[in-house]
Amino acid sequence: MERLKINFKGRVQGVGFRFHSLRIATDLNLTGSVKNLYDGSVEVYVQGATENIDAFIRELDNQRFVRIESKDISKIDIKDDEKSFEILY
């Protein structure tokens with residue numbers, strides 16, 4: 001079990017990135033959140049089994065209209081009370 005903060009940069013807004021993130025995270029039993037930032041990047045907090053998080057990132061890398069140019073990934077403390085993955089506005 002781990003929790004990551006990931007900042008995705010590239011063509012990641014206006015292409016369904018948040019909704020794909022929600023669908024993929026739900027399918028993989030991951031918790032966390034996804035949010036568009038004002039600088040055009042997308043911030044994701046994701047928590048769960050390491051292999052599921054790896055699959056989550058791979059799936060996002062392969063979305064049709066998304067073009068990820070870079071990912072800034074940090075390990076952060078686990079949130080024991082988190083129950084779902086959600087889109088933040």
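Entry 1. I count two strands as paired if DSSP finds at least two bridges between them. With that noted, I looked up Asn 7 and found that its bridge partner in strand 4 is Asp 72. The model I am reading is a predicted one.

Entry 2. I then took the pairing of strand 1 with strand 4, which is antiparallel and extends over nine bridges.

Entry 3. What is the order of its strands? I read 4-1-3-2-5 for the five strands of an open sheet, and the pairing is mixed. From one strand to the next, I noted an average twist of 20°.

Entry 4. I followed helix 1 over the sheet. Helix 1 lies across strands 1, 2, 3, 4 and 5, and runs at about 170° to strand 5. Helix 2 also packs on the sheet, where I listed contacts with strand 1, strand 3, strand 4 and strand 5. The direction of helix 2 makes about 150° with that of strand 3.

Entry 5. Which residues of helix 1 are buried? In this helix, residues 17-27, I found Phe 17, Arg 18, Ser 21, Ile 24 and Ala 25. Seen down the helix axis they fall within an arc of 130°, so they line one face of helix 1. On the other side I found Phe 19 and Asp 27 exposed. The partners of the buried residues include helix 2 (50-61) and strand 2 (31-36).

Notes. Residues numbered from 1 in each chain as written. Predicted model: local features only at pLDDT ≥ 70, side-chain atom pairs only at ≥ 80, totals over all residues. Heavy atoms only, no water. Buried < 20%, exposed > 50% of the residue type's maximum accessible area, 1.4 Å probe, protein only. Helix = DSSP H or I, 4+ residues; strand = E, 2+ residues; numbered from the N terminus. Arc of directions from axis to C-beta. Contact = heavy atoms within 4.5 Å. Axes fitted to C-alpha atoms, helices over the stretch in contact; angles between N-to-C directions.
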